[in-house]
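User: Please take a close look at one part of this model, the strands and the ligand site beside them, and describe it in one connected account. Give the cut-offs for the terms you use.

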Amino acid sequence: MMKRIFSGIKPTGHLTLGNYLGALRRWVEADQHQADALFSVVDLHALTVDHDPARVRRLSRQAATLMLAAGLDPALCTVFVQSHVDEHARLSYILECTATDGELRRMIQYKEKSVRARAAGQSVRLSLLTYPVLMAADILAYGADEVPVGEDQTQHVELTRDLAVRFNQRYGHTFRIPRATQPPVAARVMDLQDPTSKMGKSHESGAGIIYLLDEADVVRKKIMRAVTDSGQDVEYHPGSRPGVANLLEILSACTGRNPKELAGVYESYGALKKDTAEAVLELLRPIRERHAELVADPGHVDEVLRKGAGRAREMARPTVDAAYRAIGLLPAG
Ligand code: AMP
Ligand code: TRP
């Protein structure tokens, strides 16, 4: 049987260069050709922190459109919106009965985000704690073998494996055990203004973040103003020179050349930034063009999502039904 792959993007902000280099590009170039792949706009996950309903709706459509614009092909893979398929929430509850409170409280992302929310005087939604269980349901419902994610998500995939193994041991073999996979370069694109933290779509200030839909002059400005390190020489030292290393990694991801080797080519930060900006623009140009075409034809995107949800539902239902039976729930006749 063909390998199954599942991955998702949360519609919590505009998609960034980090999303593209860390995830989307590989889904397009490799995963959809080599596997039976599903890619989802995981909108239920966007509700775990304070949110604006209209914005989530808008960003969900935009994320789906950008996924198609970047080259996901509905003839090769399944593109859908998570909330269109009930099986995710249905399985999540069963997995909540498999996971423990302690193991969820240990998740790094939960610890970081809950501390931040409390510091800002906000309440912490219960779904922020249970969110990795829903993510496990996303993955296990489809019997995914591989889950391509950035390194910040590997802990959640580990939890998914633990839950699958535990469920299988207790109730009989039901779930396939997935594993996380990571792209070889630019697995973690850092913020241009704060190169020790990742370029994330929900950062407060957008100055260090390249959005896939940023205008060309905005992209240039953000890269030219990127924080670099003290020193003059262009060297690749991610630990001690994170700003320059980040630029070299971005340029490397755009050109396919090794970051160390690229470091040797440049004598000034200015020249490195200029070439990085042009390389990023070149990379994004076809995506932006295709996005504009798709925006002009919203009926097409709706149709792709409708068919995708139908296909996803059919794939997920037998496994979720099996989990309901295995855990002891009476079948509905
Ligand atoms: P998120 O933006 O958190 O929904 O992430 C969607 C996908 O993009 C996940 O696989 C993330 O790990 C990946 N991703 C997000 N931001 C970055 C980044 N700055 N560098 C690399 N990968 C990223
Ligand atoms: N939690 C992931 C993120 O923040 C998004 C996600 C949700 C996901 N469900 C998933 C990724 C299932 C892979 C598989 O990036």
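Analyst: In strand β3 (residues 78-81), Thr78 and Phe80 point one way while Val79 and Val81 point the other way, and all are buried. Buried here means under 20% relative accessible area, exposed means over 50%, and partly exposed is in between, with a 1.4 Å probe and protein chains only. Helices (H or I, at least four residues) and strands (E, at least two) are DSSP runs, numbered from the N terminus.

This is a predicted model, in which local features need pLDDT of at least 70 and side-chain atom pairs count only at pLDDT 80 or more, whereas totals for chains, interfaces and linings use all residues. Residues are numbered from 1 along each chain as its sequence is written, chains are lettered from A and ligands numbered from 1 in the order in which they are written, and side-chain values use heavy atoms, with hydrogens and water left out.

Next, the pairing of the strands. β3 pairs with β2 in the parallel sense over four bridges, and two strands count as paired if DSSP finds at least two bridges between them. One of these bridges joins Ser40 to Phe80 in β3. β2 (residues 36-41) also pairs with β1, again in the parallel sense, over six bridges. Among the partners, Ser7 is bridged to Phe39 in β2, and Ile9 to Val41 in β2. Five of the six residues of β2 are buried, so β2 is largely enclosed by the rest of the structure. For β1, five of the six residues are buried, so this strand too is largely enclosed by the rest of the structure.

The loop between β2 and α2 (53-69) holds His45. His45 is buried, because its relative accessible area is 2%. Leaving out residues up to four places away in sequence, His45 touches Lys10, Gln82, Tyr131, Leu134, Met135 and Asp138; contact means heavy atoms within 4.5 Å. The loop between β2 and α2 also holds Asp52. Asp52 counts as partly exposed because its relative accessibility is 41%.

Asp138 lies in helix α6. With a relative accessible area of 2%, Asp138 is buried. Its side chain makes a polar contact with the side chain of His45 at 2.8 Å and another with the side chain of Gln82 at 2.9 Å. A polar contact is a pair of N or O atoms within 3.5 Å; within protein, one must be able to donate a hydrogen and the other to accept it, and residues adjacent in sequence count only if both atoms are side-chain atoms. Setting aside neighbours within four places in sequence, Asp138 is in contact with Phe6, Val42, His45, Gln82 and His88.

His45 and Asp138 both take part in the surroundings of ligand 2. A polar side-chain atom of His45 lies 3.5 Å from a nitrogen atom of ligand 2. For Tyr131, a side-chain N or O atom is 2.3 Å from a nitrogen atom of the ligand, and for Asp138 the corresponding distance is 2.7 Å. The protein covers 92% of the 360 Å² of accessible area that ligand 2 has on its own. Accessible areas come from the Shrake-Rupley method with a 1.4 Å probe; for residues, only the protein chains shown count as cover.

Two or more residues of the shell around ligand 2 come from each of β1 (4-9) and α6 (126-140). The largest share, four residues, comes from α6. Of the 13 residues around the ligand, Lys10, Tyr131, Met135, Asp138 and Gln153 come nearest, where a residue is near a molecule or strand if one of its heavy atoms lies within 4 Å of it. By class, the shell has seven nonpolar, four polar and two charged residues. Ala, Val, Leu, Ile, Met, Phe, Trp, Tyr, Cys and Pro count as nonpolar, Asp, Glu, Lys and Arg as charged, and the others, Gly among them, as polar.

Glu146 is found in β4 (residues 146-148). Glu146 is buried, with a relative accessible area of 12%. Apart from neighbours within four places in sequence, Glu146 is in contact with Lys3, Arg4, Ile5, Phe6, Arg179 and Thr181. Phe6 is also among the contacts of Asp138.
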